[in-house]
Amino acid sequence: MKKMQFGVMLRGVFPQGDDMRIRFEELMEQARLMEKLGYDSLTKGSHFSTYPMQEMVQIPFLSRVMAECPSLRLNAGIVLLALHKPLEVAENFATMDLMSNGKMIFGCALGYRDVEFKGFGIERKGAVRRFEENLEAIKRLWTGGPVTMKGSHFELDEARISVPLVQQPHPPIWMGANADKAVERAARLGDCWYLNPHQRLDTFQRQIEIYKRTLDACGKPFPKELPMRREVFCAPTHEEAVRIAGPFLKSMYEAYEEWGQDKVMAEGDNDISMRYEELAKDRFIVGSPDEVAEEMLRYHKLLGVNHIIMSVQGTGLPQSQVLETFELMAKEVFPKVQQGM
Amino acid sequence: MADMQFGLMTRAQFPAEDDMQVRFRELMEQARLADKLGYASITNGMHYSSAPFQDFQQLPFLSRVMAEAPNLRLNFGIILLSLHKPLDIAESLATVDVMSGGRVIFGAALGYREVEFLAFGTTAKEKVKRFEENLIAIKRLWTEDVVNMKGSHFELKDASAATKPIQKPHPPIWIGANADPAIKRAARMGDCWYVNPHNRTDTIIRQTEVYKRALDEAGKPFPKEFPGRREVFVASSREEAVRLCKPFLAKKYKAYHEWGQDKVMPEGDNDLGQDFDELVRDRFFVGSPDEVAQQILDFNKATGINHLIMSMQWPGMPQSLVLDTITMMAEEVFPRVRKG
């Protein structure tokens with residue numbers, strides 16, 4: 001395994017009025033370029049009912065994009081696990097793992113938006129329980145069968161997945177977590193904690209200790225792979241990078257705030273309403289190639305992060321700039337980071 | 001019958017011992033061949049926990065196969081709609097419609113297997129209600145910007161589909177139905193009835209009258225596109241066709257019988273446990289190119305069906321045989337049907 005892996009999150013969120021057919025072709029072009037430049041993974045998130053933004057759905061998108069980038073690992077990062085039924089999730093991921101020749105990563109987290117909970121017929125207060133029992137059921141379905149198990153919202157009666165997984169015992173389970181409690185859950189239930197894009201580095205430094213203590217308590221070693229998502233943008237100079245990416249990042253965080261993302265973030269680091277410079281500090285990785293490489297190494301040294309999932313295209317950044325930054329990253333940032341490890 | 005469309009159904013459930021990575025590559029090869037030979041559509045069904053067979057999941061499979069077969073319409077045939085949440089289905093199918101340039105067909109039916117109802121936290125008793133309210137919600141999510149609707153198992157509160165389908169007002173909605181009440185529901189709620197592969201030809205001819213009367217009652221015209229699924233196999237002669245397909249097709253119908261498919265079929269035509277020869281005579285299109293073309297033309301004349309979704313592979317059937325029959329259908333049967 002490479003010392004540091006680099007992936008891109010194709011957020012695929014676009015304003016109303018954008019022609020999604022054109023945006024889709026652009027995302028395919030991004031995936032092909034990532035394949036060519038030797039990126040390691042491609043991530044697609046999941047949200048439903050995203051009006052006024054448009055977004056493509058995770059499972060069909062990842063299933064389609066794999067045809068363009070057969071070398072990349074495919075990260076469903078994350079699946080809003082409380083919303084779904086375990087047999088469906090286990091079956092879909094088994095098919096995708098098989099079609100991609102064992103490239104799937106299963107990211108999961110709780111979710112936080114009422115429109116999604118309601119749309120899937122569940123109450124927010126039952127979310128943790130559903131999350132935990134879904135995960136248990138999925139792991140059991142993946143690792144053996146037939147499974148008999150009664151959950152609060154499903155019953156498996158000698159149920160089995162219909163195709164075997166390529167990855168054994170199962171695809172890696174990355175668990176998204178913002179709040180301390182969720183970090184403990186990630187240590188307990190996941191193969192690794194999937195560090196989120198929202199919290200500041202100093203919050204992570206505090207939380208990684210919680211994570212390690214919980215791993216110790218469970219008798220689990222520190223994971224070989226520790227992935228983290230960040231908003232990343234790189235241009236030849238610092239000023240240019242901020243000038244191009246700043247406005248898009250700021251407006252995206254205004255949307256997060258409107259959705260209530262800050263309400264589930266860690267205490268002391270749950271205000272995302274400030275101006276760009278303050279918001280960016282220790283939270284976004286935006287700058288010249290040297291700055292971006294240094295900042296990435298800082299996360300590695302302080303936390304042990306060795307897989308960085310970069311959100312490059314916020315909402316509205318034009319395709320040409322996305323492709324340019326992909327190239328710049330691969331040519332000028334990745335080698336510096338690998339050397340510095 | 002110049003406007004007959006032919007579709008390939010990759011139902012292909014595979015025996016437990018098969019290497020599914022090999023089978024996946026074979027299905028991609030089938031799709032590429034069908035695309036090249038002028039097939040109109042590719043269909044994949046939906047079942048969960050399909051042991052003793054192995055099977056791919058519909059949504060990831062159809063999303064992947066479009067990259068191999070960009071000209072084929074993608075038929076979700078069918079989605080077990082009562083198991084799912086409308087927001088999930090509306091957004092997923094809209095995404096596939098966008099990615100494929102507007103090629104999605106939304107097939108929907110009730111479902112009948114207990115293992116599936118249980119796993120999705122529902123019951124056979126709730127299936128009709130959930131089916132109907134899901135279908136209403138999906139149509140609204142596809143055609144309205146903001147939807148408010150309270151169902152028995154979901155609530156849409158200022159909800160919207162994150163992506164809207166390319167096809168306007170929405171992808172065609174085909175409703176699968178075996179029993180007469182389900183056919184009336186298809187007339188009332190669907191863009192067309194999607195005729196199932198199980199019922200005997202004479203049953204379908206009778207049920208087409210039920211369908212027409214229900215359309216009249218709903219004040220709806222007979223649909224321009226009327227799709228039907230059949231088991232199809234063609235070889236140089238009838239004897240050869242039966243000899244080649246029997247070992248596999250017979251096994252498939254035994255599995256249906258064991259799953260209880262025939263329990264939801266209409267009375268007088270609800271025994272899938274009968275002899276293979278009888279199943280062939282009444283339900284399947286198996287024979288020489290001339291015979292199969294004639295069977296299709298007769299079927300079209302009696303029912304109006306003009307999009308034939310053909311299953312041509314059953315558990316255990318080798319790839320070479322499938323490719324042969326896909327090719328022979330296109331080269332020798334399609335032209336005969338179109339001339340006839």
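**Loops, helices and a histidine**

I began with A:Asn101, which sits in the loop between H3 and strand S6 (104-109) of chain A. I kept in mind that this is a predicted model. The phi of A:Asn101 is near 60°, positive although the residue is not glycine.

Next I turned to A:Asp282, in the loop between helix H9 (276-280) and strand S12 (284-287) of chain A. Its phi is also a positive value near 60°, again in a residue other than glycine. Is A:Asp282 buried or exposed? I found 17% relative accessibility, so A:Asp282 counts as buried.

Then I checked the cis peptide bonds. In chain A, one joins A:Gln168 and A:Pro169, with omega about 0°. A:Pro169 belongs to the loop between strand S8 (155-159) and strand S9 (173-177) of chain A. In chain B, the bond from B:Lys168 to B:Pro169 is cis, with omega near 0°. I placed B:Pro169 in the loop between strand S8 (155-159) and strand S9 (173-177) of chain B.

I went on to helix H1 (residues 20-37) of chain A. Its 18 residues reach 25 Å from first C-alpha to last, close to the expected 26 Å. What caps the N-terminal end of H1(A)? I found A:Asp19 there, with a side-chain oxygen 2.9 Å from the backbone nitrogen of A:Arg21. Just after the helix, A:Gly38 has a positive phi of about 80°. Among the buried residues of H1(A) I noted A:Arg23, A:Glu26, A:Leu27 and A:Met34.

From H3(A), A:Asn92, A:Thr95, A:Met96 and A:Met99 meet B:Pro60, B:Phe61 and B:Arg64 of H2(B). By class I noted four nonpolar, two polar and one charged residues in this contact.

My last entry is B:His47, in the loop between strand S3 (41-44) and strand S4 (53-54) of chain B. B:His47 is buried, at 14% relative accessible area. Its side chain makes a polar contact of 2.9 Å with the side chain of B:Glu116. Leaving aside neighbours within four places in sequence, the contacts of B:His47 include B:Gln57, B:Leu80, B:Tyr112 and B:Trp259.

Definitions and conventions
Residues numbered from 1 in each chain as written. Chains lettered and ligands numbered in written order. Predicted model: local features only at pLDDT ≥ 70, side-chain atom pairs only at ≥ 80, totals over all residues. Heavy atoms only, no water. Contact = heavy atoms within 4.5 Å. Helix = DSSP H or I, 4+ residues; strand = E, 2+ residues; numbered from the N terminus. Nonpolar A, V, L, I, M, F, W, Y, C, P; charged D, E, K, R; others polar. Buried < 20%, exposed > 50% of the residue type's maximum accessible area, 1.4 Å probe, protein only. Polar contact = N/O pair within 3.5 Å; in protein donor to acceptor, adjacent residues only side chain to side chain. Expected span 1.5 Å × (residues − 1).
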